[in-house]
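Trainee: I would like to learn how to read a model of this kind feature by feature, taking the general idea before the particular case.

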2 protein chains.
Amino acid sequence: MKCAGPIDVRDVDESYINIDPIQVGGRLTAEAMKAVIAYGDGYSVCDNCRKPFRLDQIKTPPVDQFHQDLASFLHMDVARVVPGARRGFQAVAGTYVQKGDPVVITALSHYTEVLSVEGNGGILREIPDRDNIITADAAAATIEEVSREFGRPPVLLFLDHFDYQYGNEHEVKEIIRVAHQYDIPVLYNGAYTVGIMPVDGKALGADFVVGSGHKSMAAPAPSGVLATTEERADEVFRTTVTKTDKTSRTFGVKEVEMMGCTLMGVTLIGMMASFPRVRERVDRWDQELINGNLVVEALRSIGGTKIRSEYPRKHTLTRVDTLNSFDKVAQTHKKRGFFFSSALRDRGIAGIIPGATKVWKYNTYGMTRNQAEYLAKSFVEIAEEHGLPVG
Amino acid sequence: MKCAGPIDVRDVDESYINIDPIQVGGRLTAEAMKAVIAYGDGYSVCDNCRKPFRLDQIKTPPVDQFHQDLASFLHMDVARVVPGARRGFQAVAGTYVQKGDPVVITALSHYTEVLSVEGNGGILREIPDRDNIITADAAAATIEEVSREFGRPPVLLFLDHFDYQYGNEHEVKEIIRVAHQYDIPVLYNGAYTVGIMPVDGKALGADFVVGSGHKSMAAPAPSGVLATTEERADEVFRTTVTKTDKTSRTFGVKEVEMMGCTLMGVTLIGMMASFPRVRERVDRWDQELINGNLVVEALRSIGGTKIRSEYPRKHTLTRVDTLNSFDKVAQTHKKRGFFFSSALRDRGIAGIIPGATKVWKYNTYGMTRNQAEYLAKSFVEIAEEHGLPVG
């Protein structure tokens, strides 16, 4: 069925249990759906924009209050909405990274962090992982190396609390403590934490907390949040200082790295409408982990299957290796690797790349217990049906 | 009525004739509304993202075809969607502007162009206007001045076809010709043209054409388009060249200035769903001007009222000076300046800043002839009711 022109109606989250690794935290709440319908039009939140004419100051709808709520939700001082977490990275890199400056990322950093540094001419150095975990010891060693190589410490450090590849937890608090000994500001990438589990930026010591609306805050894309401390706010949210040469125009309180206003309609209103539920749901993270581990145990019971992520799991995003289980089946199955996604589809489960049977990722976030049990059972049944040992 | 929490249902475009200067071209089509409902979730267009994993290559929904359609719609070679026109400016400035480089804008340039240059450390010089029109002669003189001042020509020139202050048309084609004599790339800002009137980037000679989805393409915010020539595409859409030091990771075909993918859901699908109607509606621009001029003539018939924009009007966005008409009324009216917006509201007309009776803007884009006639009549009636001379 088409919803407009050649565009199919999308019903993956209505008709299936979706386990897509990047999609599950971005599904809209019912409140967001309602708000999105009312605020679809361009500039829809700007009806009551008054002096000083900046998004975060709008009172109706309560965009100003939402910004304060966002900051306190993350235990930071100031927050702004941005068109995706990546635009938060870009703003911070744009503020601190000059051409030739060393910047530290990790062996598991997301590519958008890399692009934000490359775009500003920074030179990247990685903190290596140990068994896919980034430790404070490794961070300290890397900072020392970089300081020797460049004759000065790195100007910025990007840190993913849980990475996108394994969903592993890294030594965030400890690494931030190390970085601060060298006065290096740290950007905490919470794309896989902000909106799904509690995040306390102050307790972690983060200079910047970045979250993704469409990844983990039940909001439309592109949306996200960049929060910071009072001290750093003056830097990353600095306002324009331009005075033009002929007309002597100035541009008020527009923030340079934000490019003025950021999310003028449906994206912002979606974040806002979902926020009360998002704020509440982070406290149920333990239940999410129980569901996730239930599925992990089912997968582990299938002979030859390995959990590549750290174990036991501390996140619902998991990387699994089925080279010696489902991929063995694929080698002789008439559908090849597609047998697996197809068998899942037949059971009403979607979100795994069709054909993938080697190393793949899934995410159980947002499921009911029943759905998690059903998913666990489905993996086992598919294994059994294809003669894989279980137990 | 609330749609979610403290957020009021927004019905300004359902219950009123909206003449907000920045909103009228961004109202969603019925097709976009339907698509937005189906694709509200984060990463909703990514269900079928396959190698090489880049937004503009997705085949289902037909995002790849849409990108080609966008480029040919603008008579350019390559197009990308961006989170608002401003992010298109930022990408181009990020490519060409280094610290200390001179960049030319105009006396009527939008503030987001200024921020994109300021953010990259460029130094702005303005082409002055003559009666609020930017001429090729003035552009040539400014380029000469800048070349003398800096010992080299400007690295980039921003040009608004119709500006946001007056909706005046500027000598775009002629200015581009002049700029090219100095090998200066020109960014054509079509925030007030792309999606509402025909734009032929090739005929104009533009190096970059930028449009706004939420301003003029009936799409949700933030959205927009950056189109360019084959030659410039390699520069502004250059792909990442980073290879990380420890893990030797590379990041495929991700484009640095785009920060990888840009609009992953509702914003893109809204642009796509509206596009067939948008492509069609630009050919009815003459009808829009007839409607606009009908309202302009009504305003001119009110004693003391001046059209500050160029006259006759070539755009539906108009700046009007009612200092000697409605503002005179405001001085003794018990509602002060609010009498005017309030009288309009009573007649079902919205979109003018409450209290504004001095110099203000409105936009008649997208009205039916009946609505334009009604608006014209309403202005005249309000004048007559308050004893202003008409005729």
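Trainee: In which strand of chain A does Lys306(A) lie?

Mentor: Strands (E, at least two residues) and helices (H or I, at least four) are DSSP runs, numbered from the N terminus, and Lys306(A) lies in strand β11, residues 306–307 of chain A. Before going on, note that this is a predicted model, in which local features need pLDDT of at least 70 and side-chain atom pairs count only at pLDDT 80 or more, whereas totals for chains, interfaces and linings use all residues. Residues are numbered from 1 along each chain as its sequence is written, chains are lettered from A and ligands numbered from 1 in the order in which they are written, and side-chain values use heavy atoms, with hydrogens and water left out.

Trainee: Which residues is Lys306(A) in contact with, leaving aside its neighbours within four places in sequence?

Mentor: Contact means heavy atoms within 4.5 Å, and on that rule Lys306(A) touches Arg319(A), Val320(A), Asp321(A) and Asn324(A), once its neighbours within four places in sequence are left aside. The C-alpha atoms of Lys306(A) and Leu323(A), which are 17 residues apart along the chain, are separated by 8.6 Å.

Trainee: Which residues of helix α2 in chain A are buried, and why do they line one face?

Mentor: Buried means under 20% relative accessible area, exposed over 50%, and partly exposed in between (1.4 Å probe, protein chains only). In α2 of chain A, residues 30–38, the buried ones are Glu31(A), Ala32(A), Ala35(A), Val36(A) and Ala38(A). Seen down the axis of α2(A), these buried residues fall within an arc of 160 degrees, so they line one face of the helix; the arc is that of the directions from the helix axis to the C-beta atoms. They pack against α11 (266–281) of chain A, together with β1 (2–4) and α2 (30–38) of chain B.

Trainee: How many residues of helix α3 in chain A are buried?

Mentor: Helix α3 of chain A, residues 63–73, is mostly covered, with eight of its eleven residues buried, among them Phe66(A), His67(A) and Leu70(A). The buried residues of α3(A) pack against β4 (78–82), β10 (224–228) and α11 of chain A.

Trainee: What is the phi of Tyr43(A), and where does Tyr43(A) lie?

Mentor: Most residues other than glycine have a negative phi, and most peptide bonds are trans. Tyr43(A), although not a glycine, has a positive phi of about 55 degrees; Tyr43(A) lies in the loop between α2 and α3 of chain A and counts as buried at 6% relative accessibility. In that loop lies also Pro61(A), joined to Thr60(A) by a cis peptide bond with omega about -10 degrees. In chain B, the peptide bond from Thr60(B) to Pro61(B) is cis, with omega near -5 degrees.

Trainee: How much area do chain A and chain B bury between them?

Mentor: Buried area is the accessible area (1.4 Å probe) that two parts lose on being put together, summed over both. Chain A and chain B bury about 7,500 Å² between them, 59% of it on carbon and sulfur atoms. Arg10(A), Tyr43(A) and Met259(A) supply 11% of the area that chain A buries against chain B, more than any other three residues.

Trainee: How many salt bridges are there between chain A and chain B?

Mentor: A salt bridge is a side-chain nitrogen of Lys or Arg within 4 Å of a carboxyl oxygen of Asp or Glu, and the count between chain A and chain B is eight. The side chains of Asp47(B) and Arg10(A) meet in a salt bridge, at 2.7 Å from N to O.
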